[in-house]
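Keep the sequence and the 3D view open beside you as you read.

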Amino acid sequence: MKQFYICFCFSIFSISSVFSQDTSTNNNIPIDANNSSIGYVELFAGGAFGYVDGFAGGGSINALYSNVLFTFGYTMNNEQGGLEYVENEIIPINYYKHYRIDNFPLMVGFYRPFRGASLSASAGLSLLMYSEYVDVNTFSIFNSNPTEMYSNTNLGFPYEFNLKLFSKDENALVGYGLKLFGNLGKYNYTGLGFVLSIGNYKY
């Protein structure tokens, strides 16, 4: 319960900070900046550790409105357990156990472009699905038959920080960089990955 209150306070603080910053900076933004639109799609892949340790990847849709960055995304975190052998009367069976998190975050944050690069940070709420399943086959990767053993749905408190580099060409639509991401809650994790951004990212 204590961890829940810490996560809740973190999300509320992040959201309130964004909107308070928006109020104080609106008067300093050039008129044409208010009329411009920033929107982009991100794809990322890397590794994560926490409740589930392993490969992590996903994507998101991002839009900047009134100096506030809105993000809706998807993150998958998957861990494959070790190979086990189960004796069978006819033939031994390969047995793999997998642990997986599917997270659907909705976040708000800030976005700041500068000198061919950008910084952004976001936090919010998410719908998180945790599952455990086994993959059984007879010594062949082509005869896999995954079976879900356990699943649970929970709320999460996702967060992310991005540092991206872009071409100085005004017509360039592609950027790349690093993403630090994670989730606070029952199924917590933290990850780092390479991110590819496509879209309009400049004022």
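Of the 203 residues in the protein, 39% are buried, where buried stands for under 20% relative accessible area, exposed for over 50%, and partly exposed for what lies in between (1.4 Å probe, protein chains only). This is a predicted model, in which local features need pLDDT of at least 70 and side-chain atom pairs count only at pLDDT 80 or more, while totals for chains, interfaces and linings use all residues. Residues are numbered from 1 along each chain as its sequence is written, and side-chain values use heavy atoms, with hydrogens and water left out.

The protein has two helices and nine strands, taken as DSSP runs (H or I of at least four residues for helices, E of at least two for strands) and numbered from the N terminus. Read from the N terminus, the order is α-α-β-β-β-β-β-β-β-β-β.

Now look for charged pairs. Side chains of opposite charge can pair when their charged atoms come close. The structure holds four salt bridges, each a side-chain nitrogen of Lys or Arg within 4 Å of a carboxyl oxygen of Asp or Glu. In one of them, Glu42 pairs with Lys164, with 2.5 Å between the closest N and O atoms. This pair links distant parts of the chain, as Glu42 is in strand 1 and Lys164 in strand 7, 122 residues apart. Glu42 and Lys164 are both buried.

Glu42 also meets Lys179 in a salt bridge, at 2.8 Å from N to O. Here the link runs from strand 1 to strand 8, across 137 residues. Lys179 in turn has a salt bridge with Glu160 (3.2 Å, N to O). Because Glu160 lies in strand 7 and Lys179 in strand 8, this pair ties together parts that are 19 residues apart in sequence. Glu160 counts as buried at 8% relative accessibility, and Lys179 is buried with 1%. Through shared partners, Glu42, Glu160, Lys164 and Lys179 join into one network.

Glu160 turns up again at a cavity, one of the residues nearest the centre of the largest one, together with Phe44, Thr75, Pro105 and Met107. A cavity here is a set of points on a 1 Å grid over the protein atoms alone where a 1.4 Å probe fits but cannot get out, and lining residues have an atom within 4 Å of a point. A search of the whole structure finds one cavity of 30 Å³ or more. The volume of the largest cavity is about 110 Å³, counted as the space filled by probe spheres set on the points, which are joined across faces, edges and corners. Its lining has 17 residues, and the elements that give two or more of them include strand 1 (38–50), strand 5 (93–114) and strand 7 (145–166).

Finally, turn to the loop between strand 2 and strand 3, where you will find Ser66 and Asn67. Neither is a glycine, yet phi is positive in each: near 50° for Ser66 and about 70° for Asn67. How do they sit towards the outside, buried or exposed in part? Ser66 is partly exposed, at 41% relative accessibility, whereas Asn67 is buried, with a relative accessible area of 10%.

Notes:
1 Å grid on protein atoms, 1.4 Å probe; cavity = no way out; pocket = protein on both sides within 12 Å on 5 of 7 lines; lining within 4 Å.
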